[in-house]
Amino acid sequence: MNDIEKKMEALKADFLEKLEALEKEAEEQEALKPWKPKTEEQYFFVKDSFYASGYWNENDEVDNHNFEIGNCFRTEERAEQIAKKMRLLLRLEQLHDMLCPDYVPDWGSGEATYCLYYDHSSSRWAVDGWYDCNCRVNGAYFDTLENAEKVAEILNKELEESE
C-alpha cells in the first residue's frame, strides 16, 4: 500500500468514525422527542374541563395544538394523572388568591416564603419554608406560615372528605 492509499484509508476511517458519532447523536436527539401518535392512532389528552379524554390522531388543528403544547399521552391513566395535577395547581392558586392575593415571593430578600407538599409517609399535606430558593414546589407560595398551614388544613380536610 502506497502513501496515497494509506492516507485514503486513514481519511476513510476518520470519516466513518465521525459518521458513526453523528448517527449516535441523531438517535439520542430522536429519543428525546416527545411521543406523537401515528395518524389514526389513539392518544389521550387533558380537556379544558381538566379531565382526561381520548382522541384519534387525524393530524388536524386540534391534534396539532395538543401536540404543540405537550397535551398528548399514551394512556388515559397518564392523562388523568396530569389532569389531577392541573386541578390541584388551580386549587392551590385559588387558595393563594383568597389568603394572600397580592403576595409574590421576593427571592433574594432573605425572607421566607412558604409552600405546600404532599407527605406520602403521613398521607397529608404539609408546609415548608424556603429562603432564596425558587423551587416551584406545586407552584403556589404563601406569605406567612399561618396562611400556608391554613391551606394545608383546608386541603387535608378536602382529602378526608373525598375518601
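**Contacts and aromatic rings in a predicted model**

User: Which share of the protein chain's contacts with a separation of 6 or more comes from residues 24 or more positions apart?

Analyst: Such residues account for 51% of those contacts, a contact being heavy atoms within 4.5 Å.

User: What sort of model is this?

Analyst: This is a predicted model, in which local features need pLDDT of at least 70, side-chain atom pairs count only at pLDDT 80 or more, and totals for chains, interfaces and linings use all residues. Residues are numbered from 1 along each chain as its sequence is written, and side-chain values use heavy atoms, with hydrogens and water left out.

User: New topic: how many aromatic pairs are there?

Analyst: The structure holds five. Rings of Phe, Tyr and Trp (its six-membered ring) pair if their centres lie within 6.5 Å; planes under 30 degrees apart count as stacked, over 60 as edge-to-face and the rest as tilted.

User: Why is the pair of Tyr43 and Phe45 called tilted?

Analyst: Their planes stand at 45°, with the ring centres 6.1 Å apart, so the pair is tilted.

User: And what about Tyr43 with Tyr55?

Analyst: That pair is edge-to-face, with 6.1 Å from centre to centre and 75° between the planes. Tyr43 belongs to strand S1 (residues 42-46) and Tyr55 to strand S2 (residues 52-56), so the pair ties together parts twelve residues apart in sequence. Strands are DSSP runs (E, at least two residues), numbered from the N terminus.

User: Is Tyr43 buried or exposed?

Analyst: Tyr43 is buried, its relative accessible area being 0%, whereas Tyr55 is partly exposed at 26%. Buried means under 20%, exposed over 50%, and partly exposed in between (1.4 Å probe, protein chains only).

Conventions. Helix = DSSP H or I, 4+ residues; strand = E, 2+ residues; numbered from the N terminus.
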